[in-house]
Amino acid sequence: MTRPFLRRPEALLGGAILLALILIAGFAPLIAPGDPLAIAGRPLIPPFTDAGLPLGTDRLGRDLLAELIHGARTSVAVGLSAALVAVFAGMTVGTAAGFAGGAIEAALMRIVDAFQIVPGFLLALAFVSVAGPSLWVVVLAIALGAWTGPARLARARVLSLRESDFVAAAKVMGMSPAEIAFRQIMPLALPPVLAVASVIVAAAVLTEAALSFLGLGDPNSVTWGAMIAEGRNQLRSAAYLSIIPGIALVLTVISTYLVGEALTDSLTGRDKR
Amino acid sequence: MARLGRVVLARLAGSVPVLLIVLVGVFLLLDSAGGDAVDAYLLSMGGGDAQMAAELRTRYGLDGSALSRLLFTLGQYARGDLGWSIALNRPIGPVIAERLPNTLWLMGSATALSFLLGSALGVLAGRRPGSLLDRVLSGGSLFLYSIPSFWLGLVLAVVFAVQLRWLPVSGIETIASGKAGLARAADIARHLVLPVAALGMIYLALFLRIMRSGMAEAWGQDFTLAARARGLPDWRITLNHAARNALLPLVTMLGLQSAAMLGGSVVIESVFAIPGFGRLAQEAVAGRDAPLLLAVILTSALMVVIANLLVDLAYGWLDPRVGSGAGHD
């Protein structure tokens, strides 16, 4: 699995960016110590003009680079947590539906249908407005719109696994249905869900950015979306304030896709045409 | 035609239970919020006494238990009444009817742009998988696919509206321009160029990628080989055989993406200050107007149902192996 992965230059590039990003996110307080929202210099210093403040400062004189580094922390944390919650919830519901069958399956799948016809972003908006903006609320709000995909994939896989011999054997051994469903079958339904995990993570990063752009993110953390929204007021005079965090977002998402695509290809044994 | 009508009616009736789940679920979510629209309204009025608050709550069905409020709302919807927006102090139905066209224009144009351009470029890329053109288009589409639409909107606005001054920065039309007929249509079209590009680009990239991989797959299959053996010209095999097959997953995707696109238009409408449906959702959130937000979410769910229905009808027309959608799930 590792060899074909390492042989692809675009996957390597994506992996390198992603790794750097995760390191920056993890060690943000060490790389850019202190409060990223503290005033560091004159307001609106353009980027690449002051060696001490390489990316310049914003309207209030805050260090843009420090904000960017701490924003990476929020993006990575929220993106990964939301994807994790969505995959876990989706797998659980999908496995339960596929294994139980009958009325339980019909009811659960109707709920999946209902979640799928509501635009996830509107649901996230409604959820944040009810529960109040905090990091965990944002994570849950994003997961609300993302769990149906994994649920459908898991159910489809469980339906085909349900009749296998090892399930019959587990029944004969006297395992409880819940134990068979969640300990024996669910792990086997994971691969098709993992194949789309990178898309879920990327979508979660983008949704978090859009929510904080609209002012519905956690007000106590630095987020790229909020930075872009802040910069909007100086779009005519200092467009870099919005452009720089956007570039960081694009790099994050694109490297996630590149790594995900390479992983999916090597997991499924499908080589690039 | 009568048969088609029956299929459509049957499908719409079949989606009623799911819409009901949405209605009840969203109602319960919004109902659990602390503070309602009456609080927000009184706050905006600079306060009010308890008796006035109680009277307002009775009038808008906001008093009593959660169950009685739910039944009140269900009864309203059953009569085709979407309720009263406290934040806007107007009935919700007309507000939605007023805002919906702007969003439909935005989404319709973005869908048309991304579908036509995305599939055409996908055919070009998939014509010779692995060629230089394919690699350029595939790489470019992955890049486009990674750009957040609201940020792209801002960048486009900086370049084309602020720097070059080719296009208007915001709004859906020039305010109080007195334009009518074609001149007004041209004005609205000019205002729509940037938001449509910002919203549509990500889907253009998606459709390009799907079309390309469908084309690449078709080349390995028997029917293209057979067409080649019959000596058909290259362009006919590309268009009539490979592309027509590769179009099917694209059409499916169109339905699946309609909900996501509706969500995306919320942010785009905010970037370009378009008085559409997405802005209405934001105004509802800002005004703590639960009945309005509920109506917006339910209407969007209905729109997604209709979009999927249209996609199914198109699918039956494109792929003769599928019936007209009757009796299939």
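Which residues have the most contacts inside the largest nonpolar core? This is a predicted model, in which local features need pLDDT of at least 70, side-chain atom pairs count only at pLDDT 80 or more, and totals for chains, interfaces and linings use all residues. Residues are numbered from 1 along each chain as its sequence is written, while chains are lettered from A and ligands numbered from 1 in the order in which they are written.

**Exercise 1.** Describe the largest nonpolar core.

*Solution.* A nonpolar core is a set of buried Ala, Val, Leu, Ile, Met, Phe, Trp, Tyr and Cys residues joined through C-beta atoms within 7 Å; buried requires 20 or more other C-beta atoms within 10 Å of the residue's own, with C-beta atoms placed from the backbone. The largest such core has 166 residues, and A:Val118, A:Ala124, A:Ala126, A:Ala204, B:Ala281, B:Leu293 and B:Ile297 have the most contacts inside it. Helix 9 of chain B (residues 181–218) gives the most to this core, 18 residues; helices are DSSP runs (H or I, at least four residues) numbered from the N terminus.

**Exercise 2.** State how helix 6 and helix 12 of chain B are oriented.

*Solution.* Helix 6 (residues 92–127) and helix 12 (residues 277–286) of chain B pack at about 130°, with axes 7 Å apart. Axes are lines fitted to C-alpha atoms over the stretch in contact, and angles run from 0 to 180 degrees between N-to-C directions. Angles under 35 degrees count as roughly parallel, over 145 as roughly antiparallel, 65 to 115 as roughly perpendicular and the rest as oblique. Helix 6 and helix 12 of chain B are therefore oblique to each other.

Methods: A residue is buried if 20 or more other C-beta atoms lie within 10 Å of its own, exposed if 12 or fewer, and partly exposed in between; C-beta atoms are placed from the backbone. Helices (H or I, at least four residues) and strands (E, at least two) are DSSP runs, numbered from the N terminus.
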